[in-house]
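Please look over the sequence and the structure shown here before reading on. The briefing below is meant to be read alongside them.

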Amino acid sequence: MADAVIVVALLLVALSATAAVAVRDPARQALVLSVLGLVLAVLFTVLQAPDVALSQLAVGSALTPLLLLLAVHKVRRRGKKEGHHR
Amino acid sequence: MNGWILAAAVVLGGGVGATVWGVATGPLRRRVVAQNLCTAFACPALLLLSQGYDRPSYVDLALVLALLGPVGTLVFARLLADELAADPPSAWGLTYAAAAVGAVVVPALCVATGPSRAMAKLLVVGALLIGGNLLASRALSGAFPEVRRG
Amino acid sequence: MNARTTLLASAELLGWWAALAVLWLVFISTVDTLELAVGAGVACLGALAARAARRAVTGR
């Protein structure tokens, strides 16, 4: 009956992964990806893989959204600069 | 299957499920609050799982999450500062509710663990969780001008 | 750099070291000599970093 928590974790991963694909704007997608990373870490814990969950937490909760948002920032700023020159 | 794992399943299904829905729909204001609160719900769930599976090493996961979760929210508060300044999020009711979940789970686990270094570790994780949650919420609602200016 | 500032600096470093060493003792699972040695060393590095961070944040 510990399967109930595994089912809950799998459902959460499925829902947040679908949401990550469905959200189009990169800034909002970064928010969903942060939650997806966390939910994946919970899934790994529930499947008795705490080392993998630790690595997932370290990477997915702060690093991935940071990289994504920094890339969006740079692209938007360059687009704005070229727009002014025109 | 014991009560701890059941409680963890309830906190995950209800709390983190609600934050998944909140981060996928609605205005930006609601999404950042949901991202902040998913840490506040997942950390007690991890502590409950650690007790339920009888593996004290899983508390390290909750510790790392309690430290890195607010850092992630601060990243969003800094890099989305312009869009949030126009429409600042203020969901203090939800924030205090999430803090209350942590405040209920941590003493219950401390009682189950009994006085020892493990209980001190649980208390440190609880303090980091609640402190980080409140700090990140304040940063989101624009209380730190250094975060806005950068 | 006179005697007073050295004294204050070393007192602050000692305080940080003590706090971090206590935190280390709380976090580890089994207490043996190797853990204590590692904890003492890491707490030294942490104390240096913490003092530098505090001075950077308070603008001193």
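What follows is a short briefing, grouped by topic, on how the chains meet and on selected features within them.

This is a predicted model, in which local features need pLDDT of at least 70 and side-chain atom pairs count only at pLDDT 80 or more, while totals for chains, interfaces and linings use all residues. Residues are numbered from 1 along each chain as its sequence is written, and chains are lettered from A and ligands numbered from 1 in the order in which they are written.

**Contacts between chains**

- Between chains A and B, 36 residues of chain B are in contact with 33 residues of chain A.
- H1, H2 and H3 of chain B each supply at least two residues of the side that touches chain A, where helices are DSSP runs (H or I, at least four residues; strands are E, at least two) numbered from the N terminus.
- That side of chain B comprises 26 nonpolar, eight polar and two charged residues, with Ala, Val, Leu, Ile, Met, Phe, Trp, Tyr, Cys and Pro counted as nonpolar, Asp, Glu, Lys and Arg as charged, and the others, Gly among them, as polar.
- The contact between chains C and B takes four residues from chain C and five residues from chain B, and the chain C side divides into three nonpolar, one polar and no charged residues.
- No contact joins chain A and chain C, and their closest C-alpha atoms lie 16 Å apart.

**The H1(A) and H1(B) pair**

- Two packed helices are described by the angle between their axes and the distance between the axes.
- The axes of helix H1 (residues 3-22) of chain A and helix H1 (residues 3-24) of chain B come within 9 Å and cross at roughly 10 degrees; axes are lines fitted to C-alpha atoms, for helices over the stretch in contact, and angles run from 0 to 180 degrees between N-to-C directions.
- H1(A) and H1(B) are therefore roughly parallel to each other, a label for angles under 35 degrees, with over 145 counting as roughly antiparallel, 65 to 115 as roughly perpendicular and the rest as oblique.
- Residues of H1(A) including Leu12(A), Leu15(A) and Ser16(A) meet residues of H1(B), among them Leu12(B), Gly13(B) and Val16(B), and by class this contact has 14 nonpolar, three polar and no charged residues.

**Annotated spans in chain A**

- An unreviewed UniProt entry places the feature "transmembrane region" at residues 6-23, 30-47 and 53-72 of chain A; positions follow the numbering used here, feature names are shortened, and annotations may be inferred rather than shown by experiment.
- The span 30-47 of chain A is 94% helix and 0% strand, with its end C-alpha atoms 26 Å apart, whereas the span 53-72 is 100% helix and 0% strand, with its end C-alpha atoms 27 Å apart.

**Loop residues with positive phi**

- Gln48(A), in the loop between helix H2 (26-46) and helix H3 (50-85) of chain A, has a phi near 65 degrees, a positive value in a residue other than glycine.
- Asp54(B), in the loop between helix H2 (28-52) and helix H3 (59-79) of chain B, has a positive phi of about 60 degrees although it is not a glycine.
- With 9 C-beta neighbours inside 10 Å, Asp54(B) counts as exposed, and Gln48(A), with 13, counts as partly exposed; a residue is buried if 20 or more other C-beta atoms, placed from the backbone, lie within 10 Å of its own, exposed if 12 or fewer, and partly exposed in between.

Terms used: Contact = placed C-beta atoms within 7 Å.
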